[in-house]
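Hello, and thanks for asking me to look this one over. My notes follow as numbered points, with the cut-offs given as each term comes up.

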Amino acid sequence: MKLTVWTYEGPPHVGAMRVATGMKGLHYVLHAPQGDTYADLLFTMIERRNHRPPVTYTTFQARDLGADTAHLFKDAAQEAYERFRPQAMIVGASCTAELIQDDPGGLAETMGLPIPVIPLELPSYQRKENFGADETFFQIVRALAQPMDRTTGISANLIGPTALGFRHRDDIEEVTRLLGQMGIAVNVVAPMNAAPADIARMGAAHFNVLMYPETAETAARWCEKTLGQPYTKTVPIGVGATRDFIAEVQAITGIDRAPDESRLRFPWWSASVDSTYLTGKRVFLFGDATHVRAAARIARDEMGFEVVRLGCYNREFARPIRALAKEFGVEALITDDYLEVEAAIEAAAPEMILGTQMERHIGKRLGIPCAVISAPVHVQDFPARYSPQMGFEGANVIFDTWVHPLVMGLEEHLLTMFREDFEFHDAAGASHHGAKAVLRDIAAGGQDDPSPKDRPEFSQKTREVPMPEAPHMAKDGGAVIWLADAEKELRKIPFFVRGKAKRNTEKFAAERGVAEISIDTLYEAKAHYAR
């Protein structure tokens, strides 16, 4: 373990909580100290749920550790049953409570509660949140699902969506619509919105749609082996993946009907002349493995981007991500340390980042546009509107989500580029208020107007890429300095690549013993690195 400011995944009991919170009629009794109740905020504040997670904490304190804490767990479990009357209960320990080894599963078994009680063994110090969700859902399915006759019509279970998932609510609706247009009914959606009674009838479906491998692949494999239900391997995020998913469902079911594509706008918009400026944009991808794999295909094949690096934080999927990186000819980044990710982004100097909430913050610091494609996310990525990632409507949403940061970045660059203009400089006011504009004294060369970077409002109106603290040194040992004209020309370079251009120019000058960088030096360096 290590102390960190940010983390991509919480401990495994948070994953179990995501499953319990998504379900109905299930209660989670968590053996945990008082401080571990912070997890409630993840759901009520970030996901904006209108009810608390169905979790009862034993909330033992330091003074309790000198005595038997087992009775605290038993009392909490009994009170939870009597108060909430759930259909089933899951029991486990947080990472702190795991150290005192009270065995919540064994204790619950001795209580004789009249409902299924499912013990969770989640190794808090070896695994993390997604594993916790996957293992919890698997244990629930294994305990409750039974073989049974199939439904009369072809039906499917949608498995994997949980509370606190990235657009899971809307993905359920979109995949349900796709299957409905193919004549396939949805038998059960789980864990999200499912009760234990619904889990018990999962065996009636003809196959399973594995929406999120991180949270349901173990359950999908168990259902395939025990209930005889095949499951889909393609996650329908993006146009190509959605069409592949439809073909896979057709192969499993023998149905030849296909969903309506009339709502799909992504292919035409991405191919239109208005989108040609997107072609070749250098992007950096990071997040959970499922969304990174989907995003890489969309970026290269459907948007015409160049993927300069990709990676994931969940080590369970390191092998497929490394294979994907090899296919793209880039190096895979497998880490849960956001500082490593930030260093990799800074080194790659992409024009756009596709990542998590963490990468959004990194992008702000580095002045690089970012679109969020994966959990962990903050409150703004739980929109009230319909905003899926899967299916054809999800493809439309992805196009808008990815393009808007680039469009705003281009707009900001143009504003920055023309801020020295006599009409559009920072002190001139809004350009459409022509009569109110403050014109510069052209005859005086504009010297009466302070330099933009000297004005107090400059830091609020423009974003500058942070520059390295240590300057490059010329061969004579002196620091390389920028002449005023060259510095002015540098500011015309788009902010998202300005830092790299500055570093390359200083390196070029230092290697050639040039102590002062002029406009000629700037363009000579540009030509040198463009070869």
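1. To begin with a term used throughout: contact means heavy atoms within 4.5 Å. This is a predicted model, in which local features need pLDDT of at least 70 and side-chain atom pairs count only at pLDDT 80 or more, while totals for chains, interfaces and linings use all residues. Residues are numbered from 1 along each chain as its sequence is written, and side-chain values use heavy atoms, with hydrogens and water left out.

2. The overall picture. The protein has 19 helices and 14 strands; helices (H or I, at least four residues) and strands (E, at least two) are DSSP runs, numbered from the N terminus. Of the 531 residues, 54% are buried. Here buried means under 20% relative accessible area, exposed over 50%, and partly exposed in between, with a 1.4 Å probe and protein chains only. Among contacts with a separation of 6 or more, 72% join residues 24 or more positions apart.

3. N130. This residue sits in helix 5 (residues 129–144). N130 counts as buried because its relative accessibility is 9%. Setting aside neighbours within four places in sequence, N130 is in contact with E9, R18, E214, T215, Y313 and N314. With one of these, R18, the side chain of N130 makes a side-chain to side-chain polar contact at 3.4 Å. A polar contact is a pair of N or O atoms within 3.5 Å; within protein, one must be able to donate a hydrogen and the other to accept it, and residues adjacent in sequence count only if both atoms are side-chain atoms.

4. Helix 1. How many residues of helix 1 (residues 12–22) are buried? Eleven of its eleven are, and R18 is among them, as are P12, H13 and G22.

5. Helix 5 against helix 8. Helix 5 and helix 8 (residues 213–226) pack at an angle of about 30 degrees, their axes 7 Å apart. Axes are lines fitted to C-alpha atoms, for helices over the stretch in contact, and angles run from 0 to 180 degrees between N-to-C directions. That makes helix 5 roughly parallel to helix 8, since angles under 35 degrees count as roughly parallel, over 145 as roughly antiparallel, 65 to 115 as roughly perpendicular and the rest as oblique. The crossing of the two is right-handed; a crossing is left-handed if the near helix is turned anticlockwise from the far one by less than a right angle, and right-handed if clockwise. On the helix 5 side the contact includes N130, A133 and F137, and on the helix 8 side it includes E214, T215 and W222.

6. Helix 11 against helix 12. Helix 11 (residues 289–302) and helix 12 (residues 318–328) pack at about 15 degrees, with axes 10 Å apart, and are therefore roughly parallel. This crossing is left-handed. Among the residues making the contact are V292 and A296 of helix 11, and I321 and L324 of helix 12.

7. Nonpolar cores. A nonpolar core is a set of buried Ala, Val, Leu, Ile, Met, Phe, Trp, Tyr and Cys residues joined through side-chain atoms within 4.5 Å. The largest has 58 residues, and L179, V209, F266, L285, M303, L310 and W402 touch the most other members. A second, separate core of 48 residues includes A133, I140, I199 and A375.

8. E174 and G391. E174 lies in helix 6 (residues 168–181) and G391 in helix 15 (residues 391–417). E174 is buried, at a relative accessible area of 0%, and G391 is buried at 0%. The side chain of E174 reaches the backbone nitrogen of F392 at 3.5 Å and that of E393 at 3.3 Å. Not counting residues up to four places away in sequence, E174 touches G391, and R263 and Y386 are also among its partners.

9. Backbone points to check by eye. Cis peptide bonds join A190 to P191, with omega about 0 degrees, and A375 to P376, with omega about 5 degrees. P191 is in the loop between strand 6 (185–190) and helix 7 (196–200), and N193 is found in that loop too. Phi of N193 is near 70 degrees, a positive value in a residue other than glycine; phi of R85 is near 50 degrees, also positive. R85 counts as exposed at 54% relative accessibility, whereas N193 is partly exposed at 44%.
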